[in-house]
Amino acid sequence: MVKIGVSASLGGLVLIATLAIPTHKLRAQSPDSAQSAPDSISQSALSTSAPALPAAPSGVEAVDNPNDRGGSISVSWEKSPEDNGAALITGYLVRRSKSSTGEFIVVGEATQGAMSITDNQTTDGSDYYYSVTAFLETAGSDGKKSRLESVASAAGPARSSAQWFNSDRGICLIFALFISAAILYFIRSAKSGKAVYVRKIAGLEAVDEAVGRATEMGKKVLFVPGIQDMNDVQTIAGVAILGRVAELAAQYDTKLEAPMNKAMVMVTARETMKEAYTRAGRPDSYSDNQCYFVTEDQFGYAAAVDGIIMRDKPATIFYMGSFFAESLILSETGNAAGAIQIAGTAQPSQLPFFVAACDYTLIGEELFAASAYMSREPRQLGSLKGQDVGKAIFLALILIGVTLATVSGLSDSALWDVRQFLLVN
Amino acid sequence: MRREIPLIITTVAGLVFAVSYFIPHWPFGEAESIFGDWISIVQAFAIWLGVLSLVKVSLEKVSRQPHERPYALVTIITLVGTIVAGLWAGIAGLGQTPMVSFRDTAAFSWIYEYLYTSLTSTMFSILAFFVASAAYRAFRARNFEATLLLIAGFFVMGGRVPLFDLALGSVTGVDTSIFSDFADWIMNYPNSAGQRAIMIGIALGIMSSSLRVILGIERSHIGGES
């Protein structure tokens, strides 16, 4: 049992508050040094008015953070009765100790209105005790800040541990396994020679025509693979399309240029283009200068590509990958230059811009289907069929959900009224 | 082996990432951060390849393409100038805390604040004009779908600002929010439904694409089939 003393002089009036705290010593603290706090609040801190000590939070709980790799404990509490937005409380301090009677040190601070924090600095298997206090920060006439703290509410022991399965993702795992099984089944089925029907995708059908147009006009084809790195699946899809475009460009003997935003994408794209030119039987036509790095900066890249478009006036421009704000800057410039433009991205927020500015747009999943669609490789086409099974499942679930929600809504209101009407009459 | 090793790395990394999404326990839980560190290291080295490529292409433009010469010269001069300013600051700050002196150096900060930031802001601000020109083309009522888009756009734009409600209120003498409510309805229901349909398709596309990469069916990113 430890006591804390707070005293202040206010025009002859002396305020003395003494608190009994069951677990550890609490102090009025400078916000700059939460762990090495002074023992008492300076008198100047309370020189103009003497704020009341905040009421303590209640119901403190400390539990192992669920579904994680260990090393963290969640601490939650019920708000202090004075935590009502009236500036009677500045926030909460969370302290931790390895024993209920040991020294508690500050491990976290939460703002007014908060009801939990996560302590990410625990060792799995060790017991930890926590205390939470509400505090009010005050500033004296000299500008020095001090804190008044409430009585502590304590909880514990709690022990962190790593989990073997993230239970929040159970449903996701079931869907992933089911859809993956469907994809694998159709890949196997297509491999055994079963014909796979894939609907026509206008944007991909237009690739040959677009490269052909550049050939007829004697101008270059420009390929822009987005601004994300190779760890983004959209970039992988974009590079796959680049392979097909490069093969066509090699066959038609049309110049293809690909300015890059990421060095790793440049290296990969060069390899893909080199292979494509070799497949087309024209390995000598390929040069590393066709695929070059510009800058990693988003708008610097947009400026460079805009410059290339306006100076060289390419006949055809492909935008395939992950795009952000630069999407419209690039595609509107291409539009102004009179190029035929084919875009594809899985960024829903950029799709309207591409639809408005480009001749053809691959919407979301069509970008990922492009490689399979253009290669016509049976196993890849089979994976698209498996994807369709996933869509059918989601469609059915949405229909069931909408029906249930509608029936539930009706039973709550309209159906209830009808039932009442029938009962009365 | 030129094909097999990248395929094995892709398959192992893909499977470990997929498993770590569901199993947080060691070693899977750590895998994501370990691979993330590796990616950062590889990216840091790859940037040198990028800079070499930029210098090589720019020098060739200077020597062989007269119409590209001014732009290539600007690129080389600014690249070298920025590197020199940064290195100079680093050398000058060797006796101090390097990063502090690096940030505080006049030349490097000047380049960042008065060249880089203003040029970036200029490019971003051009977007406003492009939005206007793209919207003008998109909202032309050429067919049924474009007409629907025009009508929806008209009500959403009118409802997002208080103009329509204010005009109707001034005519009827009653405060109303009918246009903003209708704009909200368009955004919350037809728009959200369309966006979610696209996002479900994207999620399935990513899953299918990832499986193709992990299983080695999709090999375009490592140069193709041969």
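Helices, as named here, are DSSP runs of H or I with at least four residues, and strands are runs of E with at least two, numbered from the N terminus. By that assignment, B:Pro27 sits in the loop between α1 (4-22) and α2 (28-64) of chain B, and the peptide bond joining B:Trp26 to B:Pro27 is cis, with omega about 10 degrees. The structure is a predicted model, and its scores are ipTM 0.89 and pTM 0.80.

**Confidence**

- Chain A has a mean pLDDT of 84, with 84% of its residues reaching 70 or more, while the average for chain B is 87, with 92% of the residues scoring at least 70.
- Over residues 1-48 of chain A the pLDDT stays under 50, although the model has 107 contacts beyond four places in sequence for this stretch.
- Within chain B, confidence is lowest in helix α4 (residues 98-104), where the mean is 51, and highest in helix α8 (residues 178-214), where the value is 92.

**Make-up of chain A**

- Chain A contains ten helices and 16 strands, and buried residues account for 50% of its 425 residues.
- Of the contacts in chain A with a separation of 6 or more, 68% are between residues 24 or more positions apart.

**Packing of α3 and α4 in chain A**

- Helix α3 (residues 233-252) of chain A packs against helix α4 (residues 263-279) of chain A at an angle of about 35 degrees, their axes being 8 Å apart, and the crossing of the two is right-handed.
- On the α3(A) side the contact includes A:Leu242, A:Ala246 and A:Ala250, and on the α4(A) side the residues include A:Ala269, A:Met273 and A:Ala276.
- The residues of this contact divide into ten nonpolar, four polar and two charged.

**Nonpolar cores**

- The largest nonpolar core has 55 residues, and those with the most contacts inside it are A:Phe223, A:Ile241, A:Val245, A:Leu256 and A:Phe318; its largest share, eleven residues, is contributed by α3(A).
- A second, separate core of 28 residues includes A:Val305, A:Ile317 and A:Ala337 together with B:Phe130.
- A:Phe223, leaving aside neighbours within four places in sequence, is in contact with residues including A:Ile241, A:Leu242, A:Val245, A:Leu256, A:Phe318 and A:Met320.

- Not counting residues up to four places away in sequence, A:Leu362 touches, among others, A:Ile201, A:Leu204, A:Ile241, A:Met320, A:Leu351 and A:Leu367.
- The C-alpha atom of A:Leu362 is separated by 60 Å from that of A:Ser150, which lies 212 residues away along the chain.

**Positive phi in loops of chain A**

- A:Asp253, in the loop between α3 and β12 (256-260) of chain A, has a phi near 55 degrees, a positive value in a residue other than glycine; A:Asp253 counts as exposed because its relative accessible area is 53%, the cut-off being over 50%.

How values were computed. Residues numbered from 1 in each chain as written. Chains lettered and ligands numbered in written order. Predicted model: local features only at pLDDT ≥ 70, side-chain atom pairs only at ≥ 80, totals over all residues. Heavy atoms only, no water. Axes fitted to C-alpha atoms, helices over the stretch in contact; angles between N-to-C directions. Left-handed = near helix turned anticlockwise from the far one by under 90°. Contact = heavy atoms within 4.5 Å. Nonpolar A, V, L, I, M, F, W, Y, C, P; charged D, E, K, R; others polar. Core = buried A, V, L, I, M, F, W, Y, C linked by side-chain atoms within 4.5 Å. Buried < 20%, exposed > 50% of the residue type's maximum accessible area, 1.4 Å probe, protein only. pLDDT = per-residue confidence, 0-100.
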